[in-house]
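Okay, thanks everyone, let's get going.

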Amino acid sequence: LLESELFGYEKGAFTGAAKRTAGKLESAEGGTVFLDEIGEMPPSLQAKLLRVVQERTVERVGGRVPVSLDFRLVCATNRNLDTLIGNGSFRDDLFYRISEVSIRVPPLRDRQGDSLLLAQFLLQQHSERFGKPTRGLAPDAIRAIQAYRWPGNVRELENRIKGAVIMAEGAVVTASDMGLEDPGDDPEYLNLRTARQRAEAQAVRQALAVAKGNLSRAAELLGVTRPTLYDLLGKHGIDAAQFGRHATQAPEAATATVEAAAPPGDIAGGGE
């Protein structure tokens, strides 16, 4: 089914194929195709996609005539493709073709400053969607959003906001409406040393993300020496390798990572 959706099919290629049908790749002529969760693609489809990327043509299911293609390919994954390549579940030749440009999007837990901005945006969006009065966030909700680790990443934040918009009865959305606990009375949350450590760890992660795992560059951004950066990595249990050029997010970080993009009229990784 996925193969016929992507590559199209000829009339009579299988039961129910009543007419020739273009696939998503062919239909995107001159535009962009976004393949989410590329790491979950079966090996047989990986091989066919590799041929499409290399040859810029596709053969529909049941067909033998190559069809020329011209589109931009953008892929995303929350899996570590290096690990998948190592265990043989993802083709290394396909990886190098689609990873011409890689962008790592850190999980929400490493972007605590973004969680509140996203929550406010989603609150307004879903209030309008469900015809509810636009509510604000109560102080306890703000504290909870900033303190929570968001293991389900942006999807979890959106679902909690959506549920709160539907169920909240007060003038503002509270932590309880979102199913979160207010950390305001937690001595650990209020402890200044703990707050500094959280901020320090977040700064290190952000510097590594900007530097794409380059330790010298990250140390320069942080204004510390490399030995000091090594100490900080050990102190906070941060693996710098996760921020390398081809690194992707851990499975619990559900935000998609853009793995490849090519200019208009080009296929990702496809030089002449």
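Predicted model: local features only at pLDDT ≥ 70, side-chain atom pairs only at ≥ 80, totals over all residues.

Arg79 comes out at 26% relative accessibility, so we call it partly exposed. Its partner is Glu40, and the closest N and O atoms of the two are 2.8 Å apart. Where do Glu40 and Arg79 sit in the chain? Glu40 is in the loop between strand 1 and helix 3, while Arg79 is in the loop between strand 4 and helix 4, so to speak 39 residues apart. Glu40 is partly exposed as well, with a relative accessible area of 46%.

How many salt bridges does a search of the whole structure find? The search turns up 11. I'll show you two others. Lys24 and Glu5 meet through their side chains, at 3.9 Å from N to O. Glu5 is partly exposed, at 39% relative accessible area.

Then there's Glu10 with Arg60, at 3.0 Å between the closest N and O atoms. Here the two ends are 50 residues apart: Glu10 is in the loop between helix 1 and helix 2, and Arg60 is in the loop between strand 2 and strand 3. Are these two buried or exposed? Glu10 is buried, with a relative accessible area of 14%, and Arg60 is buried too, at 11%. There's also a network here: salt bridges with shared partners join Glu10, Arg20, Glu26 and Arg60.

Okay, on to the greasy parts. The largest nonpolar core has 25 residues, and the ones touching the most other members are Leu25, Leu35, Ile38, Phe71, Leu73 and Phe90. Among the elements giving two or more residues to this core are helix 1, strand 1 and strand 4. Which element gives the largest share? That's helix 3, with 5 residues. Apart from this core lies another one, of 19 residues, including Trp150 and Val165.

Now look at the later helices. Arg205 sits in helix 10, which runs over residues 192–210. Arg205 is buried, with a relative accessible area of 17%. Skipping neighbours within four places in sequence, Arg205 is in contact with Asp110, His236, Ile238 and Phe243.

Helix 11 covers residues 215–222, and its buried residues include Leu215 and Ala218. Down the helix axis, the buried residues of helix 11 fall within an arc of 100°, so they line one face. After helix 11 comes Gly223, with a positive phi near 75°.

Last one: helix 12, residues 226–236. Its buried residues are Leu229, Leu232, Leu233 and His236, and down the axis of helix 12 they fall within an arc of 100°, so they line one face. The face turned away from that buried side carries Pro227, Asp231 and Gly234, which are exposed. Just after helix 12, Gly237 has a positive phi of about 65°.

Conventions: Residues numbered from 1 in each chain as written. Heavy atoms only, no water. Buried < 20%, exposed > 50% of the residue type's maximum accessible area, 1.4 Å probe, protein only. Helix = DSSP H or I, 4+ residues; strand = E, 2+ residues; numbered from the N terminus. Arc of directions from axis to C-beta. Core = buried A, V, L, I, M, F, W, Y, C linked by side-chain atoms within 4.5 Å. Contact = heavy atoms within 4.5 Å. Salt bridge = Lys/Arg side-chain N within 4 Å of Asp/Glu carboxyl O.
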